[in-house]
Amino acid sequence: MRSKYLFLVVSLLMIASMALSACQPAPTPETIIQTVVVEGKTVEVVVTATPQPEEQPSALPKVSPQFKNPDTLTIITGAGEPETLDPAWTYETAGSTVELNLYEGLVFFNREKTNEFIPALATEWTTSEDGKQWVFKIREGVKFHKGGTLEPHDIAYTVHRSTLQGRIDGWQWITYEAFFGTDFSLASSKDFAAAYAGKETFEELTPADLVKVCEAVKAAVVADDAAGTVTYNLAQPVPWFLALASQQFLGGTLDQEWMAENGDWDGDCATWQNFADPPAEGTILFKEANGTGPYMLDHWTPGEEIVLTAFQDYWRKEPMWEGGPSGVAKIPRVVIKNVDEWGTRLSMFEAGDADFIYAPAQYRPQLEPYYKQRCGIDESSCKDENPDGYIRAFRSLPSPAITPAQMNWQINVEGGNPFVGSGTLDGNGIPPNFFSDLHVRKAFNYCFDFEAMVKDALAGDGVQAQGPIPMGMMGYREGEKPIYAYDPAKCEEEFKKADVDGDGIPAGEDEDDVWNKGFYMQLGYNSGNDTRRLASEILKAGLESVNPKFSVAVVGMPWPVLLESRRAGKLPIYVGGWLEDYHDPHNWVQPFLFSQGAYGRIVNMTDDKKKEFDELIIKGANENDPEARRKIYEEIQLKAQEDAVNIWLYQVLDGLHYQTWVKGFYYNPAYGNAEYGWVYALSKEQ
């Protein structure tokens with residue numbers, strides 16, 4: 001084809017040259033005679049010079065946001081609202097980011113560093129030689145927002161309450177593991193209590209068993225008000241202990257007396273079970289807050305806004321670090337609104353009605369022409385770009401987050417489940433065990449266009465994920481590409497190898513199986529997160545193009561609704577990510593793959609696979625030799641790909657966009673949504 005095409009082009013050139021020679025037009029300033037060689041002969045042709053284009057005005061409209069509300073920082077998010085503002089319940093970034101401004105722990109991060117800490121509610125601390133005991137001296141004179149004074153017993157009570165509240169799929173697996181050992185890394189306080197008492201179920205526990213569990217939790221964290229200390233007794237050394245003490249895992253400090261006065265648990269071991277595993281709205285801190293942080297909760301109106309106000313009695317008198325904040329917060333009022341639609345967010349930004357807007361990767365090219373400055377992790381790295389711009393952009397930020405499409409191997413259809421259609425393999429649904437078939441899972445991986453995901457949905461701001469462990473961390477298989485790439489032929493091949501109906505006949509040869517019957521299912525993502533929406537649509541397109549009998553409905557769901565549907569095990573597949581709690585590979589493999597992990601319980605692997613992964617994960621957590629640990633986590637990383645546990649989609653680079661009048665930002669990925677995770681550091685100056 002290529003030689004014929006070139007011959008045709010050359011022939012047309014020869015015809016054109018002969019016609020031009022016969023006419024012999026006089027050269028003008030607009031014509032040029034060129035000599036070309038065609039099939040070995042020299043030919044003169046006359047071509048018309050392209051006129052110089054007239055200078056056109058710039059097509060880029062000028063945007064000049066107005067500086068408004070100097071006492072208010074307006075944050076416009078777009079990926080969802082909190083489920084609750086109870087720090088013992090929250091295990092998602094929308095809630096935990098707000099709470100970081102309201103509550104405090106014993107220590108805090110040293111500015112942008114995730115592995116260095118400065119004193120907060122503790123003034124100093126010591127640890128035993130074996131690393132199993134930590135003793136903290138508690139700061140005096142700290143006030144709660146509602147008027148109480150911090151004492152050591154408040155800190156101990158906070159940990160006791162959160163450990164015993166332990167809602168299903170909460171973060172308490174971290175503290176169970178720290179205080180009682182890896183074997184107790186369980187999904188809820190009820191699971192933990194049953195295991196600790198040696199019973200099969202929580203319902204079997206006697207009153208004496210319940211007291212025994214509570215007393216064990218209290219023995220793990222002991223307050224001494226007279227000495228002004230709190231002591232933590234661990235089952236094993238926990239290298240990431242200070243990271244836990246800086247956040248709600250061992251922080252989120254509450255006033256015990258105020259909690260009891262308002263109807264929450266009072267610390268009595270005879271009654272803790274009445275407060276265990278509550279629904280999101282089932283605690284007094286659902287829309288209420290009483291912390292010691294630099295901001296107080298003014299109100300949260302779900303669906304409208306969260307408003308914080310500066311706490312006038314905040315305890316901090318000295319700068320947190322050189323040049324850092326101290327005293328009352330500089331910005332008196334913070335308004336956080338969730339706006340799903342990108343165009344609305346952009347209009348608010350351009351008008352000056354928003355100081356920050358959530359900008360998923362695919363929308364960032366629209367903002368780039370308006371960058372006044374492009375920065376790295378803080379303002380010291382900023383470079384001027386467009387003097388007429390209005391945005392200070394922080395780009396290529398190393399976000400410790402992995403986003404997979406998580407497949408539910410054993411879907412819960414009890415009481416009905418619209419996400420699986422008919423619930424059978426009849427072309428109008430899928431059976432509950434659809435993803436238990438390895439070939440189906442592999443087919444889904446081969447039908448996903450990873451290259452399009454990175455190029456289009458992430459606008460180049462990310463990479464294909466290799467597995468649950470992100471780049472740069474122990475266990476990431478350096479120098480090795482991910483196993484899967486977009487390959488429709490292999491996708492078809494794997495679907496034809498599947499045996500979803502379990503009759504021993506491959507689907508490609510079976511009229512009653514998935515390839516010939518087809519399927520229908522719903523694929524969920526959190527509405528407003530357009531990056532996840534695009535990932536969902538890329539998967540839908542890949543699957544439907546390989547077989548017209550395949551049908552996938554992409555469904556955007558409010559964040560709390562998605563989380564509740566996920567916890568109930570109803571979603572057959574959904575796109576959602578993980579942001580680390582602390583920087584260690586265990587915090588990636590445990591949530592994603594452990595049978596009691598936050599996502600592992602939802603993926604709900606078959607029993608044989610649960611056993612395989614659980615044994616490897618426990619082995620890695622208990623190994624102290626770094627090289628031995630590395631090999632274990634590399635094995636887990638490879639196995640997670642080979643078994644196609646999920647579609648490991650992408651690891652993203654973050655990009656945050658502020659009005660230039662917002663000062664003091666620095667990037668710390670441990671803050672959850674880093675853009676408003678520590679508003680105390682920010683100021684607003686025209």
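Which side chain does Lys639 meet in a salt bridge? Point 6 has the reply. The notes below build up to it.

1. **Basis.** This is a predicted model: local features need pLDDT of at least 70, side-chain atom pairs count only at pLDDT 80 or more, and totals for chains, interfaces and linings use all residues. Residues are numbered from 1 along each chain as its sequence is written, and side-chain values use heavy atoms, with hydrogens and water left out.

2. **Overall picture.** The protein has 20 helices and 24 strands. Both are DSSP runs, numbered from the N terminus: helices are H or I with at least four residues, strands are E with at least two. The C-alpha trace spans about 110 × 70 × 45 Å along its principal axes. Of the 686 residues, 56% are buried. Buried means under 20% relative accessible area, exposed means over 50%, and partly exposed lies in between (1.4 Å probe, protein chains only).

3. **Strands 6 and 7.** Strand 6 (residues 122-127) and strand 7 (residues 133-138) run antiparallel, joined by five bridges. Two strands count as paired if DSSP finds at least two bridges between them. Trp125 stands opposite Phe136 of strand 7. The two strands form a hairpin with five residues between them. In its turn, Gly131 has a positive phi of about 75 degrees. Now look at the side chains of strand 7. Trp134, Phe136 and Ile138 point to one face and are buried.

4. **Strand 9 and its partners.** Strand 9 (residues 229-233) is largely enclosed by the rest of the structure, because four of its five residues are buried. Strand 7 is antiparallel to strand 9, with five bridges joining them. Here Lys137 stands opposite Thr229, and Val135 stands opposite Thr231. Strand 8 (residues 221-224) is also antiparallel to strand 9, with four bridges. Asp224 has Thr229 as its bridge partner in strand 9. Strands 8 and 9 form a hairpin with four residues between them. In this hairpin Gly228 takes a positive phi near 75 degrees.

5. **Helix 4.** Helix 4 (residues 173-180) is mostly covered: eight of its eight residues are buried. Among them are Trp173, Tyr176, Glu177 and Phe180. Just after the helix, Gly181 takes a positive phi of about 110 degrees.

6. **Salt bridges.** A salt bridge here is a side-chain nitrogen of Lys or Arg within 4 Å of a carboxyl oxygen of Asp or Glu. The count by this rule is 33. Back to the opening: Lys639 meets Glu612, at 2.4 Å from N to O. The pair links distant parts of the chain, with Lys639 in helix 20 (residues 626-642) and Glu612 in helix 19 (residues 607-622), 27 residues apart. Lys639 counts as buried because its relative accessibility is 15%. Glu612 is partly exposed, at 29%.

7. Lys496 forms a salt bridge with Glu492, the closest N and O atoms being 2.7 Å apart. Both residues lie in helix 13 (residues 488-497), four residues apart, about one turn of the helix. Lys496 is partly exposed, at 31% relative accessibility. Glu492 is partly exposed too, at 27%.

8. Asp461 and Arg395 form a salt bridge, with the closest N and O atoms 2.7 Å apart. Asp461 sits in the loop between helix 12 (450-457) and strand 17 (462-464), while Arg395 is in strand 16 (residues 391-407), 66 residues apart. Both residues are buried. Salt bridges link Arg364, Glu368, Arg395, Asp461 and Asp654 in a network.

9. **Glu261.** Glu261 lies in helix 8 (residues 256-261). It counts as exposed because its relative accessibility is 66%.
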